Amino acid sequence: MEAIDQWKEQLDYWWHQGIEFLNQIPPTQLYAAIAVLLFTTILLLSIRLIKRTKSNTIVLTGLNGSGKTVLFYQLHDGSSHQGTVTSMEPNEGTFILHSETTKKGKTKPVHIVDVPGHSRLQPKLDEFLPQAAGIVFVVDALEFLPNCRAASEYLYDILTKGSVVRKKIPLLILCNKMDKVTAHTKEFIRKQLEKELDKLRVSRSAISAADIANEFTLGVSGEAFSFSQCHNKVTVAEASGLTGEISQLEQFVREHVKP
Ligand SMILES: Nc1nc2c(ncn2[C@@H]2O[C@H](COP(=O)(O)OP(=O)(O)OP(=O)(O)O)[C@@H](O)[C@H]2O)c(=O)[nH]1
Ligand SMILES: [Mg+2]
């Protein structure tokens, strides 16, 4: 108890010393000091805010086997890493795009995350979406029809996530494996996805009015669903990770992570 009392006395003493010291300072100087302090705090806070909104993260997502890991390595070092296996962990790296390594002038490193498509690992996506400057949803254009339903369900969940809708994170639907002649065209894939999402919209909203998994509803009610109704910009492009034709993907990356 005595120790506490001693501390109290000491604190009291310091407090009075402080007040006395403040009283000695002319008010104008005091106000100026407070103004400077406030100004720097606001400045630092706004710098942090600007830095945070200027994210350099691009998230690669989509069903397993769609070719995300191959695309990741194409962006990273221009190799296709043939024979990659189903990923069990997110793959991530911050680097200058391989195609830009010989480029003169300014290039900003991009943080690329490749989230495995295995259904058990799909929740991992939530860790990366809030910081994403752009989302790439990779679709296997070759084996598209048997996977259309599953791809649409995954896409539905992404397009109704609060973190995506509120921040209007742009999304690129990347039709991959276009090197094969039997691959479906991007127009076909877009139309089929829109149709499937339209069906899902009805069944999902019928499940339960209190369904909290999907924070936002998709599209405009009473109208057939189209990607143009989304709050965030949704575009469709083509690629072939295996042969290194990824220019449309690189264009999307650079559009959202400025060099
Ligand atoms: N023909 C063709 N095959 C490709 C292409 N891209 C990837 N593949 C093949 O598709 C298979 C799956 O590729 P991955 O990159 O491992 O797929 P992933 O999306 O990372 O799959 P998960 O990690 O399981 O989510 C591999 O056998 C690749 O060789 C492509 O552009 N053309
Ligand atoms: Mg993978």
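Leaving aside neighbours within four places in sequence, which residues is Asn-91 in contact with? In this predicted model, the partners of Asn-91 are Thr-69, Phe-72 and Asp-114, where two residues are in contact if their C-beta atoms, placed from the backbone, lie within 7 Å. Asn-91 sits in strand S2. Asn-91 counts as partly exposed because it has 17 C-beta neighbours inside 10 Å. The cut-offs here are simple: 20 or more other C-beta atoms within 10 Å of a residue's own make it buried, 12 or fewer make it exposed, and anything in between is partly exposed, again with C-beta atoms placed from the backbone. Along the chain Asn-91 is 11 residues from Ser-80, and their C-alpha atoms are separated by 15 Å.

A word on bookkeeping comes next. Residues are numbered from 1 along each chain as its sequence is written, while chains are lettered from A and ligands numbered from 1 in the order in which they are written. As the model is a predicted one, local features need pLDDT of at least 70 and side-chain atom pairs count only at pLDDT 80 or more, whereas totals for chains, interfaces and linings use all residues.

As for confidence, the protein has a mean pLDDT of 89, with 93% of its residues at 70 or more; pLDDT is the predictor's confidence in each residue, on a scale from 0 to 100.

The overall shape comes next. The C-alpha trace spans about 85 × 55 × 40 Å along its principal axes. The radius of gyration is 26 Å, whereas a compact globule of 259 residues would come out near 18 Å; the radius is taken over C-alpha atoms, and the globule rule is 2.2 Å times the number of residues to the power 0.38. Of the 259 residues, 29% count as buried. Among contacts between residues at least 6 apart in sequence, 75% join residues at least 24 apart.

Out in helix H1 (residues 2-24) sits Gln-6. Gln-6 is exposed because it has 10 other C-beta atoms within 10 Å. Gln-6 and Arg-204 are 198 residues apart along the chain, and 67 Å separate their C-alpha atoms.

Helix H3 is another story: 8 of its 10 residues are buried, among them Lys-68, Val-70, Phe-72 and Leu-75. The cover over the buried residues of H3 includes strands S1 (57-62), S2 (91-95), S3 (110-114) and S4 (132-140), along with S5 and helix H8 (247-256). Just after H3, Gly-78 takes a positive phi of about 75 degrees.

H3 (residues 68-77) also gives the most to the shell around ligand 1, with 3 residues. That shell holds 21 residues, the closest being Asn-64, Gly-67, Thr-69, Ser-87 and Gly-117; a residue is near a molecule if its C-beta atom, placed from the backbone, lies within 6 Å of it. By class, the shell has 3 nonpolar, 14 polar and 4 charged residues. Here Ala, Val, Leu, Ile, Met, Phe, Trp, Tyr, Cys and Pro count as nonpolar, Asp, Glu, Lys and Arg as charged, and the others, Gly among them, as polar.

Over in strand S4 is Ala-132. Ala-132 is buried because it has 24 other C-beta atoms within 10 Å. Not counting residues up to four places away in sequence, Ala-132 touches Ser-55, Thr-57, Ile-58, Val-59 and Ile-169.

Lys-168, in the loop between helix H6 (162-167) and S5, has a positive phi of about 50 degrees although it is not a glycine. Lys-177, in the loop between S5 and helix H7 (186-207), also has a positive phi, of about 75 degrees. Most residues other than glycine have a negative phi. Lys-168 counts as exposed because it has 11 C-beta neighbours inside 10 Å, whereas Lys-177 is buried, with 25 other C-beta atoms within 10 Å.

Key: Helices (H or I, at least four residues) and strands (E, at least two) are DSSP runs, numbered from the N terminus.
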